[in-house]
Amino acid sequence: MFTELRWALLLALAATPAFGHHSIGATFDTNTVIEVEGVVTDVLWRNPHVHFTLGVTSNAGQTESWDAELTSLSNLRRLGISPDFIKVGDSIRIAGSLARRVPNSVYVNNILRPDGKEVLLAARVTPRWSTETIAVSDRALSTEGDGSRPDLGLFRVWSTPMRTPMLFPENYNSNFDIDSYPLTQSARASVASFDPIADSPTANCAPKGMPTIMEQPYPMQIVSAGGNIELRLEEYDTVRVVYLDAFNAPATATTPRLGISTGVLDGNTLTMTTSGSTWPHYDVVGIPQSPAAMHVEVFTVSDDGSRLDYSITTTDPANFNEPVTLTKYWIWVPGVEVVPFECDESR
């Protein structure tokens, strides 16, 4: 069942975007694309999502204000898109997904600038209007890591390939079969009643806990720290401490939403066990997590050092009828750093 579930999840997620903060598919109608033209009146360059405001002339001749939401600042940086790609006063055309509940709001994938160049804001986006595009960097699109430094082992910065599936789905719709999960009756009822907007656990920059934080699509640095290991995740500036001496692990978690993690390092393989997380969510779109949940994570570096394979097996009798195993991987891209996330939802 473990293997069947893992592959069912990977196949179902293969067509979904690799990056996101909240559930884009739940907040915006990703099945349709609209185009809007107007003048940029404001730009907010920040995490978790870059925004700009567009003054749009309606059919009645009145100026309407539209909110345009983009991917995160971290993702734009990785795509090679600088803060000056649009400016206040620019007349532009945008294409994207209309918000389901908020009027005059769109999640943007394509922008046509005044100079005729088209900006593609995600790895899978294709041009709509121009053959001259602001190209996404080749490094950002890579799904294969650099294998020139196997000697670095586990301790380095690892990057999430942008074209790979996420660890958890962003929403349960026709692209994902929720029945693939061996959910208990109570967990299935929670999923059915979950409102991805009203019940979003990451609204207003609320940081994720375990295991959800491991879906984060930004760089992760693994370091040796005082006899322990630290996983430094860019999203929410999260630091997970892994105690290699289980007898010296604290009785209560320093960061309760992350739980207490103990680990065993064997060459280039790190095996971790995490329990005691107070984070009540397995994912951010409906599956709950009980205080009894336990997670076993395995990180394994490839022989050439180009790839870090990862699996997480969750046991939670309150919500799963049997353990659930999910997988993902990171790649090594020289020169990448973990930078401050500095989430800002003030608006």
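The secondary structure of the chain comes to 5 helices and 16 strands, where helices (H or I, at least four residues) and strands (E, at least two) are DSSP runs numbered from the N terminus. This is a predicted model, in which local features need pLDDT of at least 70 and side-chain atom pairs count only at pLDDT 80 or more, while totals for chains, interfaces and linings use all residues. Residues are numbered from 1 along each chain as its sequence is written, and side-chain values use heavy atoms, with hydrogens and water left out.

The predictor's confidence in each residue is given as pLDDT, from 0 to 100, and the chain averages 86, with 87% of the residues scoring at least 70.

| Element | Residues | Mean pLDDT |
|---|---|---|
| Helix H1 (lowest) | 2-13 | 35 |
| Strand E14 (highest) | 294-301 | 98 |

Over residues 1-22 the pLDDT stays under 50. Where pLDDT is low, the predicted coordinates should not be read in detail.

Two strands pair if DSSP finds at least two bridges between them, and strand E2 (residues 51-57) is joined to strand E3 (residues 63-69) by 7 bridges, the two running antiparallel. Thr-57 has Thr-63 in E3 as its bridge partner, and in this hairpin, with 5 residues between the strands, Gly-61 takes a positive phi near 85°. E3 is also joined by 3 bridges to strand E5 (residues 105-112), to which it runs parallel, and here Ala-68 stands opposite Val-106 in E5.

Of the 347 residues in the chain, 50% are buried, where buried means under 20% relative accessible area with a 1.4 Å probe, counting protein chains only.

Definitions and conventions
Contact = heavy atoms within 4.5 Å.
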